[in-house]
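Please examine the sequence and coordinates before reading on.

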Amino acid sequence: MNLRPPLKVALAQTVGTLPREPGLAYEPKFDGHRMVMFRQADGVVLQARSGRIVTAAFPDLAAAARELPDGTVLDGEVVVWREGRIDFAAVQGRAAATPGRAPGLAARLPASYAAFDVLAAGGTDLRPRRYAVRRERLEELLAGLGPPIQPVPMTTDPELAATWYETLPGIGVEGLVVKRLDQPYKAGTRAWRKLRHTDTRDAVVVGFTGSRQRPASLVLVLPDDDTPVVSSPLPPALRARAGAALSPLAPGDTGTAMAPGLGEVPYRSVPPELSAEVATGTTRHTVTTVLRLKDTDPGDDDGGAGAGDG
């Protein structure tokens, strides 16, 4: 039976050291926009991690996916390369684009799809198969395809993985994902492991709570997750800086985002033209703390990519 969207994706839990037991595979961790790619007999569907359909936002990837055999379903990460580095703010700008602006953004900021798993081939559900089998099938499927759809690098050598971990941050790769070779694809479960260099990451600001002049919190989209989250309350100095940075941005629609301990709270959206360095930690709830603001331009020279819906 053909798999259809929305599908839950497999997840990873954070570890503090590089796992080295036998039977492991290591992949670079690309921080972009998680996407499941469906090649169906009647066309292509692109699904974000949340289940949202984002086909219209990525016409370049939708066109490339038509070269895949019918009945193929891939899991992977969309990235945008700028000046030799991964630019998460740019890919979030792509994901938030309206259908009218998406073709222009695709021309200026072409996306690449780093496929790290195959969930179905020829209409057969491969999720129960071992990762080693799925990886071999993934490489077979993509062998003659080429950019912008390519498999992520993979190694079973922990020493090479350690080298990747030390050298790849220079291009914006923040760490490694570690998978067991004998493991099925466990949707919705943190069965994989991820090793990151730092607990700080860049996130894209998609909204705010409180007033735009002195926002109480920022609403953020983190790498590898397109669901908006509300930051912890901003300290006074950062509220003033955030207000100054938000003032040129046109507020968009009202949405809801998850706030630690509060559930869903309303927020006002803004175009994804501002990024922030954030730290995440867990007590009873996962808390996202804004450390500093970073101006960014997703490359839309006609006034921005539009307000995102997470």
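Predicted model: local features only at pLDDT ≥ 70, side-chain atom pairs only at ≥ 80, totals over all residues.

Q: Which residues of helix 6 are buried?
A: Helix 6 comprises residues 236-246. Buried here requires under 20% relative accessible area. The residues of helix 6 that count as buried are Leu-238, Ala-242, Gly-243, Ala-245 and Leu-246.

Q: Which exposed residues does the face of helix 6 turned away from its buried side carry?
A: Exposed means over 50% relative accessible area. On the face of helix 6 turned away from its buried side, the exposed residues are Pro-236, Ala-237 and Ala-244.

Q: How many residues has the largest nonpolar core?
A: Met-35, Met-37, Leu-46, Phe-58, Leu-61, Leu-74 and Tyr-113 have the most contacts inside this core. Leaving aside neighbours within four places in sequence, Phe-58 is in contact with residues including His-33, Val-91 and Arg-94. A second, separate core includes Phe-30, Val-45, Ile-86 and Leu-195 and has 32 residues. For the largest nonpolar core, the number of residues is 44.

Q: What radius of gyration has the protein, and with what value does it agree?
A: The C-alpha trace spans about 55 × 45 × 35 Å along its principal axes. For 310 residues, a compact globule would have a radius of gyration near 19 Å. The protein agrees with that value, at 19 Å.

Methods:
Residues numbered from 1 in each chain as written. Heavy atoms only, no water. Core = buried A, V, L, I, M, F, W, Y, C linked by side-chain atoms within 4.5 Å. Buried < 20%, exposed > 50% of the residue type's maximum accessible area, 1.4 Å probe, protein only. Contact = heavy atoms within 4.5 Å. Helix = DSSP H or I, 4+ residues; strand = E, 2+ residues; numbered from the N terminus. Rg over C-alpha atoms; globule rule 2.2 N^0.38 Å.
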